[in-house]
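I am opening a notebook on this structure. The entries below record what I looked up and what came back.

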Amino acid sequence: MSRRSHSASPGLRDAKRPKLDHLTPDDYKNGIMLAPMVRSGALPTRLFALKHGAKLVWGPEIVDKAILHAERVIDPNTGVISYNGKSKAMFTTHPIEKPYLVYQIGSSDPELAVQAAKTVMQDVSGIDLNCGCPKPFSTHAGMGAALLSTPDLLCSILTALRTELPAHISVSAKIRLLPTQEETLKLVKRIVNTGVNCLTVHCRTRNMRQRERAIIERLKEVVDFVKGMGRDVAVIQNGDCVGYDDARRIRALTGADSVMIATAAESNPTVFSPIPLVDLESTLVPPYVRLCKYLDNHWASTKFCIAQFKGSHVNITKANGKTLRDALVKSKGYADLDATIGSWNGEEEYAEIVKAIEARAQNSPILLPAETEPRADVDNVTPSPSGETASQDPSAFITPPEWRGNPEPAVVHGAPLAPSNEKRTAVPASVSGRDETTPTPLPVPKSGAEVSLYAM
């Protein structure tokens with residue numbers, strides 16, 4: 001098929017991009033984003049999130065050293081790109097998601113962070129530095145939320161990324177709130193001045209856990225502060241958002257450019273839509289499994305992700321859904337689900353996703369502007385966890401809502417491919433044949449150097 005030649009006529013068409021050439025601060029605005037999630041943020045989940053309205057998707061955090069030793073392999077049949085370790089792929093992606101994919105790095109070393117970013121930059125559009133993960137497997141090596149206590153190091157990594165990476169690769173950071181608003185604003189100022197395109201703020205402090213309400217009310221001052229700096233940096237809110245309507249409420253409360261969803265998307269990757277899927281055992285799980293098999297997604301990853309899916313039941317009962325879940329628990333591979341899933345037309349599922357993503361050619365905002373009035377286009381109702389519907393009266397516009405989106409959040413012990421018992425010492429890959437996500441050791445400060453949050 002021949003390629004059409006470029007028209008020589010004057011450009012009188014609307015200023016619309018057929019696709020994203022590279023991410024700009026505007027691309028981080030007016031949308032709902034899929035948060036980076038260890039294990040749950042697999043390629044099939046990201047593709048379903050894009051199909052159902054996520055504007056951008058973050059990949060799961062990968063430690064800098066781990067990706068440096070990976071082998072990049074392209075599947076000639078599906079186009080899936082895998083970064084393989086000794087035992088299995090540690091990161092997979094597909095060209096169809098590249099314009100919307102942000103790769104998250106776990107690092108505490110500027111040089112290694114740059115090397116890791118350059119390793120994957122041909123397959124992603126943005127690089128994000130994880131500065132908010134409070135889990136021990138990240139913080140004990142000076143990564144994740146530990147970077148909040150070493151702002152000089154944090155900013156040096158961002159500066160190195162922005163300096164060394166090509167201009168078309170965006171650089172961003174994801175942080176948590178610091179104990180006081182003054183400390184938070186001082187850190188935000190330093191991060192913005194590194195040249196990042198976007199800053200995501202998880203509205204909890206390092207010591208807060210998921211069961212504790214996010215301090216969303218603190219974000220508005222942060223948003224106003226960034227705008228007052230006169231820098232074109234998008235601010236994304238993260239924490240306690242459960243779906244499309246809730247994202248609009250949060251934007252109205254905080255003024256954030258966009259909203260990021262984690263836990264609720266882990267339970268249902270379609271929550272980005274104004275009308276997310278219900279009865280997931282019949283509407284989401286079968287096509288998800290078909291897509292996973294077509295993309296040759298690792299069975300353990302597929303099984304884990306599906307186990308997290310939870311939602312309301314409208315047309316089927318919990319007992320009906322239990323049949324599929326029981327079959328999933330007992331299965332040891334895709335073949336064990338033949339009778340349950342039916343036709344393995346995964347290529348058709350993939351084609352539908354491609355069609356949905358390519359329909360973004362008009363480049364219209366995925367998320368409506370922040371509003372505080374109910375929407376009339378979905379009959380003024382929102383599904384509840386029980387399957388009932390709740391009227392969207394003004395008193396319902398409270399964030400966070402009573403339901404947090406995942407009443408039984410997944411429990412992940414340790415990082416992927418790492419020992420489940422944190423007290424055990426990792427066996428070298430050369431002996432075990434497995435890849436451990438070895439964190440980067442925290443560099444020793446130079447003699448006489450001060451690590452100060454207040455250094456401007």
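Entry 1. Is Asn268 buried or exposed? I note before anything else that the model is predicted. Asn268 has a relative accessible area of 6%. The cut-off for buried is under 20%, so I log Asn268 as buried. I find Asn268 in the loop between α9 (263-267) and α10 (280-283). I then listed its contacts, setting aside neighbours within four places in sequence: Pro276, Leu277, Leu280, Leu284 and Lys310.

Entry 2. I stayed in the loop between α9 and α10, where Asp279 is also found. Asp279 has 3% relative accessibility and counts as buried. I looked up its backbone and found phi near 50 degrees, a positive value in a residue other than glycine. Which residues does Asp279 touch, not counting those up to four places away in sequence? I get Ser312, His313, Val314, Asn315 and Ile316. I also checked Asp279 against Lys310: the two are 31 residues apart in sequence and 8.8 Å apart in space, C-alpha to C-alpha. Lys310 is already in my notes as a contact of Asn268.

Entry 3. I looked up another positive phi. Asp240, a residue other than glycine, has phi near 75 degrees. I place Asp240 in the loop between β11 (234-238) and α8 (244-254).

Entry 4. Next I took Gln210, in the loop between β10 (198-205) and α7. How exposed is Gln210? Its relative accessible area is 36%, so I log Gln210 as partly exposed.

Entry 5. I turned to the packing of α6 on α7. Two packed helices are described by the angle between their axes and the distance between the axes. For helix α6 (residues 181-192) and helix α7 (residues 219-228) I read an angle of about 35 degrees, with the axes 10 Å apart. The crossing of α6 past α7 is right-handed. Which residues meet in this contact? From α6 I list Gln181, Thr184, Leu185, Val188, Lys189 and Val192, and from α7 Glu221, Val222, Phe225 and Val226. I sorted the residues of this contact by type and got 6 nonpolar, 2 polar and 2 charged.

Entry 6. I looked up the nonpolar core. The largest one has 118 residues, and Ile67, Ile127 and Ile191 have the most contacts inside it. Helix α5 (residues 151-164) gives the largest share of this core, 7 residues. Where does this core lie relative to the domains? Both domain 1 (25-273) and domain 2 (277-365) give residues to this core, so I put the core between them. I followed up on Ile67. Apart from neighbours within four places in sequence, Ile67 is in contact with Ile62, Tyr83, Met90, Phe91, Tyr103, Ala116, Thr119 and Val120.

Entry 7. I looked at Ala117, which sits in helix α3 (residues 110-120). Its relative accessible area is 0%, so Ala117 is buried. Not counting residues up to four places away in sequence, Ala117 touches Ile105, Ile127, Leu161 and Leu165. Ile127 is also one of the residues with the most contacts inside the largest core. Ala117 and Leu68 are 49 residues apart in sequence, with 9.3 Å in space from C-alpha to C-alpha.

Entry 8. I checked Thr139, in helix α4 (residues 136-139). With a relative accessible area of 15%, Thr139 is logged as buried. Its contacts, beyond neighbours within four places in sequence, are Cys133, Pro134, Ala145, Ala146 and Arg206.

Entry 9. I ended with totals for the chain. I count 16 helices and 14 strands. Of the 456 residues in the chain, 52% are buried. What share of the contacts with a separation of 6 or more comes from residues 24 or more positions apart? I get 73%.

Notes
Residues are numbered from 1 along each chain as its sequence is written. This is a predicted model: local features need pLDDT of at least 70, side-chain atom pairs count only at pLDDT 80 or more; totals for chains, interfaces and linings use all residues. Side-chain values use heavy atoms; hydrogens and water are left out. Helices (H or I, at least four residues) and strands (E, at least two) are DSSP runs, numbered from the N terminus. Buried means under 20% relative accessible area, exposed over 50%, partly exposed in between (1.4 Å probe, protein chains only). Contact means heavy atoms within 4.5 Å. A nonpolar core is a set of buried Ala, Val, Leu, Ile, Met, Phe, Trp, Tyr and Cys residues joined through side-chain atoms within 4.5 Å. Domain bounds come from an automatic or database domain assignment. Axes are lines fitted to C-alpha atoms, for helices over the stretch in contact, and angles run from 0 to 180 degrees between N-to-C directions. A crossing is left-handed if the near helix is turned anticlockwise from the far one by less than a right angle, and right-handed if clockwise. Ala, Val, Leu, Ile, Met, Phe, Trp, Tyr, Cys and Pro count as nonpolar, Asp, Glu, Lys and Arg as charged, and the others, Gly among them, as polar.
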